[in-house]
Amino acid sequence: MDGVNFASDDEQNDAYYDNVANNRRNYNRNRNRVLARVVVAVAGHRLNTRRQSQPMHNSTLTGSMRVEELLNGHEEIIQGMVSMKAETFRSLSNLLASRGLLKTTRNMNVNEQLFIFLAICARGETSRHISYLFQHSVETTSRWFYKVLQVICSLKDEFIRPADYTSIQNLIMENSEKYRPWFDGCVGAIDGTHIPCAPRRENADAWINRKGYHSQNVLAACSFDMLFTYILTGYEGSCHDARMLEEAIAFHGFPLPPPGKFYLVDSGYANKDCFLSPYRRETYHIPEFRRRRDGLGNRREVFNYTHSSLRNCIERTFGVWKARFKILKGVNNYPMDKQKMIPVACAVVHNFIRMVQVGDPILEQYVADSEPVRGNVDVNADYVFNDGIDGTGPSTGSHQHDPSREALNGMRDHIANEMWERYQVAPWYKQT
């Protein structure tokens, strides 16, 4: 046994642990090499992909060049894009530029700024779609939409003005046998309409209207030439029109006409009363207004027809307004403060077009000699100003015996009797 060396237990353990440490170092070194190769490969792939990707805004036409191309193109194309003629567009653009309300920037001139806003309102397009069309980012398009929206709303007091109280309206003068003297003091009509909206979740239920969808209630007055003379927005869809009118008078500057002048509201006789003619033995159970083939049958029909043919200016105005600006018919995802401003801006532009533009294809569809236009009635209108006046609306017991309502009913009956007497002598309506 001499000459044989036996390693101690400590030496054997040291050798074992040295071997384990070497293996671990080799493993970590190899792993780091593999990870480095993977990172390099991924980075190279992304770099190659980025180099090969196609730019988003690669049109040869810039936004301003596209606007000029459209303005100088066919009139139907520009009418379809911004719901006005090129001359009217240039007039509005020059007005905003001359007053310093809009200014040309490095990347966008005034025409393009206004065109983006009008294209979104008239066509109901999203900011993303318009950004593709005019070669801008979505953020830039949204920012300029809001900027122009504020500018247009600042012109509200200039272009939405009360009607002329000093003279009889031209429509009434031109149809004196039909309307005078009963409507000599009439300066326009008032009504409410609903604009779809997307409210916040916290109070979304308050914005549900009687038809079951979210909307903001808009109160408006117009003259007989279909110009807005007042507009109030931002009320919940569940809000009653009568409450809006009360608050408009008390808090929002509604232009009360002087003594002897008035606005028309929905104050006709109920249909169930109109179609019970004392001269016929027929009872007509028809849910909506319809005239007899040989004329009007009684005083209530005469009053309703005459009153409706004059008051329908507000219905036609709403119809033109919503046909011109499709953003008013759909739900958008703008914040509620912007959604409240959009109807006001559209009303301002509508009045500007009526004042400046000669010939309006949209308006011509809704003008029919002041006759009731059933095909163009605003489907979102809320005709509830006369709740309880005939016992047909959601009236209360106190309304049924309200002295003021009884006086109004008596006045209406007196006018209806006078109309009927004249109509029997010289009828202003006969079915052909």
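Me: Which residue does Glu139 form a salt bridge with?
Reply: Arg143, and the closest N and O atoms are 3.1 Å apart. A salt bridge here is a side-chain nitrogen of Lys or Arg within 4 Å of a carboxyl oxygen of Asp or Glu. This is a predicted model, where local features need pLDDT of at least 70, side-chain atom pairs count only at pLDDT 80 or more, and totals for chains, interfaces and linings use all residues. Residues are numbered from 1 along each chain as its sequence is written, and side-chain values use heavy atoms, with hydrogens and water left out.

Me: Where do Glu139 and Arg143 lie?
Reply: Both are in helix α7 (residues 138–153), four residues apart, about one turn of the helix. Helices (H or I, at least four residues) and strands (E, at least two) are DSSP runs, numbered from the N terminus.

Me: Why does Arg143 count as partly exposed?
Reply: Because its relative accessibility is 42%. Buried means under 20% relative accessible area, exposed over 50%, and partly exposed in between (1.4 Å probe, protein chains only).

Me: How many salt bridges does the structure hold?
Reply: It holds 10. One of them joins Glu247 and Arg243, with the closest N and O atoms 3.1 Å apart. Those two are separated by about one helical turn because they are four residues apart in helix α11 (residues 241–251). Arg243 is partly exposed, at 39% relative accessible area.

Me: And Arg311 and Glu315, buried or exposed?
Reply: Both are buried. They form a salt bridge too, with the closest N and O atoms 3.4 Å apart. Asp191 is linked with Arg311 and Glu315 in a network of salt bridges.

Me: New topic: the sheet. What is the strand order?
Reply: It is an open sheet of four strands, β3-β2-β1-β4, with mixed pairing. Two strands pair if DSSP finds at least two bridges between them.

Me: Why is one side of β3 and of β4 left without a neighbour in the sheet?
Reply: Because β3 (228–236) and β4 stand at the edges, each with a single partner strand. Neighbouring strands of this sheet are turned by 25 degrees against each other on average, direction ignored.

Me: What packs on the sheet?
Reply: α15 does, touching β1, β2 and β3. Its direction makes about 165 degrees with that of β3. Axes are lines fitted to C-alpha atoms, for helices over the stretch in contact, and angles run from 0 to 180 degrees between N-to-C directions.

Me: How many residues of β1 are buried?
Reply: In strand β1 (residues 186–196), 11 of 11. β1 pairs with strand β4 (residues 262–264) in the parallel sense over three bridges. Ala189 has Leu264 as its bridge partner in β4. Eight bridges join β1 to strand β2 (residues 215–222), and these two run antiparallel.

Me: Back to helices. How do α5 and α7 cross?
Reply: The axes of helix α5 (residues 110–123) and α7 come within 9 Å and cross at roughly 90 degrees. That makes α5 roughly perpendicular to α7. Angles under 35 degrees count as roughly parallel, over 145 as roughly antiparallel, 65 to 115 as roughly perpendicular and the rest as oblique.

Me: Last one: where is Asp360 found?
Reply: In the loop between α15 (336–356) and α16 (361–364). Asp360 is buried, with a relative accessible area of 7%. Leaving aside neighbours within four places in sequence, Asp360 is in contact (heavy atoms within 4.5 Å) with Gln79, Arg324 and Ile353.
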